[in-house]
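Dear colleague,

My notes on what was found in it follow.

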2 protein chains.
Amino acid sequence: MKTKKFLLQEKDIPTAWYNIVADMKNKPLPMLNPQTKQPVKAEDLYPLFSKAVSEQEMNTTDTWIEIPEEVRDLYKVWRPTPLVRAYGLEKALDTPAHIYFKNESVSPIGSHKLNSAIAQAYYCKKEGITNITTETGAGQWGAALSYAAKAFGLELAVYMVKVSYLQKPYRRSIMQTFGAQVIASPSMSTKAGRKILTEHPNYQGSLGTAISEAVELAMSTPNCRYTLGSVLNHVMLHQTVIGLEAEKQMEMAGEYPDVVIGCFGGGSNFSGITFPFLRHKLVDGKDIRVIAAEPSSCPKLTRGEFQYDFGDEAGYTPLIPMYTLGHNFAPANIHAGGLRYHGAGSIVSQLRKDGLMDAVDIPQLETFKAATLFAQTEGIIPAPESSHAIATAIREAEEAKKEGKPRTILFNLSGHGLIDMAAYDLYIGGDLQNYEVTDEEVKKNLSELEQIIK
Amino acid sequence: MKTKKFLLQEKDIPTAWYNIVADMKNKPLPMLNPQTKQPVKAEDLYPLFSKAVSEQEMNTTDTWIEIPEEVRDLYKVWRPTPLVRAYGLEKALDTPAHIYFKNESVSPIGSHKLNSAIAQAYYCKKEGITNITTETGAGQWGAALSYAAKAFGLELAVYMVKVSYLQKPYRRSIMQTFGAQVIASPSMSTKAGRKILTEHPNYQGSLGTAISEAVELAMSTPNCRYTLGSVLNHVMLHQTVIGLEAEKQMEMAGEYPDVVIGCFGGGSNFSGITFPFLRHKLVDGKDIRVIAAEPSSCPKLTRGEFQYDFGDEAGYTPLIPMYTLGHNFAPANIHAGGLRYHGAGSIVSQLRKDGLMDAVDIPQLETFKAATLFAQTEGIIPAPESSHAIATAIREAEEAKKEGKPRTILFNLSGHGLIDMAAYDLYIGGDLQNYEVTDEEVKKNLSELEQIIK
């Protein structure tokens, strides 16, 4: 576990986020109002989000968007995060590849989610909003927002996907310790929740359903806004601090990545680590591969379709152009709760459509095998989500070995797994399994979707 | 949660540990062979520990002991750790005091225990030892040693106190993920375990019993040594990197602490943060207070007696001069599992006897109240153990407020509480309680002890 860390100073924390949309030749398609099928404007989002992030969501022209001083001040609690050369892992794989990872697990809540949580809470506070709502899958986003809400003195209600609420009770306790209200979703507290519980009393929840509930609560509570930890453009924007720091750190290491990898749920950490590198592909024509690592049980980028879909289960959100499995897709109960989302955000979907990035899908057991090897060689127990990126990095390193050629691999360690030990426990005991979606399921879901969207 | 961190560079990691014994006017009394009542010599310890740490244990002359390069290399994985000015906590307390904490929770296993685990594993490896054993309470030490054993390729067996094994199953999974064998103690795998289980079938375990089992296994396994995470002089020595860094960082902050606080189980993190500051009291006569914060349920420094006692339950260890509640003391099942030990190490006991340090005892509910306030104001969920130090720092800050005078307070945040959320869960639900030892219990236990030691 001998290590080489590349460390930046506080002054190196980026002063602006990178807005990749400004550099894209083909802009993402607009979000549509589901009734009128007209493009959504920033002001249409004001009832739902803070004005500042509504504007950011629609910004297609400014390449750099300034990070407010108050947000940078809070970033200083844990940023800049280390870039690490994974010598231990390289040695175990006996590979000529050089493997680097950006360690976002060092944040106080253990993941990258805080990068956007702080920004969103800040803007709400600044605009005089007193209450916020959100949904959370594995609980990483909910924990981050609980921290950020407390930091800015906002009241927070979190709808947590029921399967994660049960699998990860301690993420719930973390949110409660920070002072948030946590509700298992589907719940009886919203119309959307009551409807689905009436139809499917044992439904274990999905991010899509939890989003519906959080949106409904925000729309029906005075001075309240909704916040989201992934999928939307402004979240991708906030997360680019990861890649911007990593760029400088790779320079310190005297290398440039051949391939950059992020695990993929809705796209937040993936975009964070990859967009600043993709910039050089878009702007300077740099030859670099970018890979999204998604679970085999929820493979929207590898096996979904590019089309308009709702961001939530009940159909409260605008229509979003996405690679999707259908908003009514109910993913298997894998332990990477943060990757159980039916669609990809509109920026990533456009990049994927234009062939500017790749995607792979990884079975659950391969991710835990990778996670355990990483723990034993690098000393950090990774989150199940992040382990999809590790597994993909290992595949790349093994290919390099087969080819007998060097390869520089960078992946994002989006979070640690200390709250996910129940999943490791099952893996150690041999009680975890793979889940793969059948083609029939995907086809059935997507044809249902076509009926709904028409 | 606005923060001010004082950060050092890798080059500032200390190159030598501080051996306080060399500076003590009254040296700690020697350990005694329980049969002969003669002082134990370093070579008497060789069958139990690596030679290097056996020598360190007995070293009363060298003020500075060099840290091997291989150990410093592994320290670089997470050291130097930040010193933080707790502005958020100060504001919430509305106190004129300045509160600083050294953040040892940033280590890959989440606590300070790695400082000594790496050193002990390194020396074993260097001396050709292949197998090691240990005990663990809350699991912080076991997790640290699992990491260190894997880093140096040693096989490890950990006896985990049964109450913690049950309360904190995920610390067990962490150790297993790092490749260690974990056994709930008391177990049927040793004579010591079988004896106590026969007498008390439902005994929930104690560090004393787990030590007996780990020692017995080490003594009966070829090429195997025992390691300990607290109490002994060499462990205190290794932990002084904490205070040595903190000294430099307080200088960066332009302040000197009036009071330095560490929570107290066997003394490892307490000694780590305080000894380098105590040096100036011993050597330069500097006016500084040092406080050990122990739980009301296990108050050896505040209510125990100074006398020779065994370090373990079965009486396998040498007799150690300690403030003790008796080695057969069975502490209540508080959630600060790392503080459930019957005695204080010999250095600390001597310092206490000579009036060079203070001790306070804190009830369980006060620690969780302090922990929650700390989480909500500083953004880090602290370990139940560390929360004793936080509670003591809060008492000091409140006194400063009463006096209307400034006071500079430094405490050690020995670890985070992310694996201890079950305890927070109980606290949130109102299901935690205080445990206080009665005078009768203490007296009874100590009089039994007198019979045994005679």
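**Helix α18 of chain B and its surroundings**

Helix α18(B) is followed by B:Gly430, whose phi is positive, near 80 degrees. Helices here are DSSP runs of H or I with at least four residues, strands are runs of E with at least two, and both are numbered from the N terminus. This is a predicted model, in which local features need pLDDT of at least 70 and side-chain atom pairs count only at pLDDT 80 or more, while totals for chains, interfaces and linings use all residues. Residues are numbered from 1 along each chain as its sequence is written, chains are lettered from A and ligands numbered from 1 in the order in which they are written, and side-chain values use heavy atoms, with hydrogens and water left out.

Within α18(B), which covers residues 421–428, B:Met421, B:Ala422, B:Ala423 and B:Tyr424 are buried (under 20% relative accessible area with a 1.4 Å probe, protein chains only; exposed is over 50%, partly exposed in between). The buried residues of α18(B) pack against α8 of chain A, and also against α7 (162–167), α16 (364–378) and α17 (384–403) of chain B; contact means heavy atoms within 4.5 Å.

**The parallel sheet of chain A**

In chain A, 4 strands form an open sheet with parallel pairing, in the order β8-β7-β6-β9; two strands pair if DSSP finds at least two bridges between them. The edge strands, each pairing on one side only, are β8 (181–185) and β9 (224–226) of chain A. From one strand to the next the twist averages 20 degrees. Helix α6 (residues 140–152) of chain A packs on the sheet and touches β6 and β7 of chain A, its direction making about 160 degrees with that of β6(A). Axes are lines fitted to C-alpha atoms, for helices over the stretch in contact, and angles run from 0 to 180 degrees between N-to-C directions.

Strands β6 (residues 131–136) and β7 (residues 155–161) of chain A run parallel and are joined by 6 bridges, and A:Thr133 stands opposite A:Ala157 in β7(A). Helix α8 (residues 169–177) of chain A lies across β6, β7 and β8 of chain A, at about 175 degrees to β7(A).

**Strand β13 of chain A**

Strand β13 (residues 319–324) of chain A is mostly covered, with 6 of its 6 residues buried. A:Leu319, A:Pro321 and A:Tyr323 point one way from β13(A), whereas A:Ile320, A:Met322 and A:Thr324 point the other way. Its antiparallel partner β12 (residues 305–310) of chain A is joined to β13(A) by 6 bridges, with A:Gln307 opposite A:Met322.

**B:Phe264**

B:Phe264 is found in the loop between β10 (259–263) and α13 (268–284) of chain B, and is buried, with a relative accessible area of 0%. Leaving aside neighbours within four places in sequence, its contacts include B:Phe270, B:Pro295, B:Leu301, B:Leu339 and B:Val348.

**Chain A overall**

Chain A has 19 helices and 15 strands. Its radius of gyration is 20 Å, close to the 22 Å that the globule rule gives for 454 residues, so chain A is as compact as a globular protein of that length; the radius is taken over C-alpha atoms, and the rule is 2.2 Å times the number of residues to the power 0.38. Of the 454 residues of chain A, 66% count as buried.

With kind regards
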